Amino acid sequence: MPKLKTHTGAKKRFKKTGTGKIMRHKAYARHLLSCKTTSRKRTLGRGVVADETDQAKLRRCSVLSD
């Protein structure tokens with residue numbers, strides 16, 4: 001059985017925590033930032049745990065399962 005290749009899109013977008021959960025970034029933080037409040041921009045800069053229903057799907061993207 002050949003090795004599975006890492007999904008390169010997932011490799012760039014997700015990180016794994018020490019407990020094994022998958023973290024993702026929030027959307028809407030790239031442009032049009034002048035109309036957003038400072039607290040909203042600060043919140044958008046933080047990572048968030050990906051939804052529980054997507055965790056198994058993301059783990060199948062090879063490198064995230066290690």
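I take helices (H or I, at least four residues) and strands (E, at least two) as DSSP runs, numbered from the N terminus. By that reading, His 25 sits in the loop between β2 and α2.

**Ground rules.** I am working on a predicted model, where local features need pLDDT of at least 70, side-chain atom pairs count only at pLDDT 80 or more, and totals for chains, interfaces and linings use all residues. Residues are numbered from 1 along each chain as its sequence is written, and side-chain values use heavy atoms, with hydrogens and water left out.

**Entry: His 25.** I checked its cover. For that I call a residue buried under 20% relative accessible area, exposed over 50%, and partly exposed in between (1.4 Å probe, protein chains only). His 25 counts as exposed because its relative accessibility is 58%. I then took a distance to Phe 14, 11 residues away along the chain: the C-alpha atoms are 7.7 Å apart.

Entry: I looked at phi here. Most residues other than glycine have a negative phi. Tyr 28 is in the loop between β2 and α2, and its phi is positive, near 70°. Tyr 28 is exposed, at 66% relative accessible area. Leu 32 is also found in the loop between β2 and α2. Phi of Leu 32 is positive too, near 55°. I note Leu 32 as exposed, with a relative accessible area of 57%.

**Entry: the sheet.** I counted strands as paired if DSSP finds at least two bridges between them. Three strands make an open, antiparallel sheet, in the order β1-β2-β3. β1 (15-16) and β3 (48-49) are the edge strands, each with a single partner, so one side of each has no neighbour in the sheet. I found two bridges between β1 and β2 (residues 22-24). Lys 16 faces Ile 22 of β2. Lys 15 is in strand β1. Lys 15 is exposed, at 54% relative accessible area.

**Entry: positive charge.** Which residues gather in a patch of positive charge on the surface? I list Arg 24, Lys 26, Arg 42 and Arg 46. Patch members have over 30% relative accessible area and no salt bridge; like charges are joined within 9 Å, and nonpolar side chains (Val, Leu, Ile, Met, Phe, Trp, Tyr) within 5 Å. Lys and Arg count as positive, Asp and Glu as negative, and His and the chain ends are not counted. I place each charge at NZ of Lys, CZ of Arg, CG of Asp or CD of Glu. Areas come from the Shrake-Rupley method with a 1.4 Å probe, and for residues only the protein chains shown count as cover. Arg 42 is partly exposed, since its relative accessibility is 49%. From Lys 15 to Arg 42 I get 19 Å, C-alpha to C-alpha, across 27 residues of sequence.

**Entry: salt bridges.** How many salt bridges does a search of the whole structure find? I found one. The criterion is a side-chain nitrogen of Lys or Arg within 4 Å of a carboxyl oxygen of Asp or Glu. Lys 57 bridges to Asp 54, with the closest N and O atoms 3.5 Å apart. Both residues are in helix α3 (residues 52-59), three residues apart, about one turn of the helix. Asp 54 is partly exposed, at 29% relative accessible area.

**Entry: Ala 10.** Is Ala 10 buried or exposed? Ala 10 is buried, because its relative accessible area is 5%. I place Ala 10 in helix α1 (residues 8-13). Ala 10 and Arg 59 are 49 residues apart in sequence, and their C-alpha atoms are 9.7 Å apart in space.
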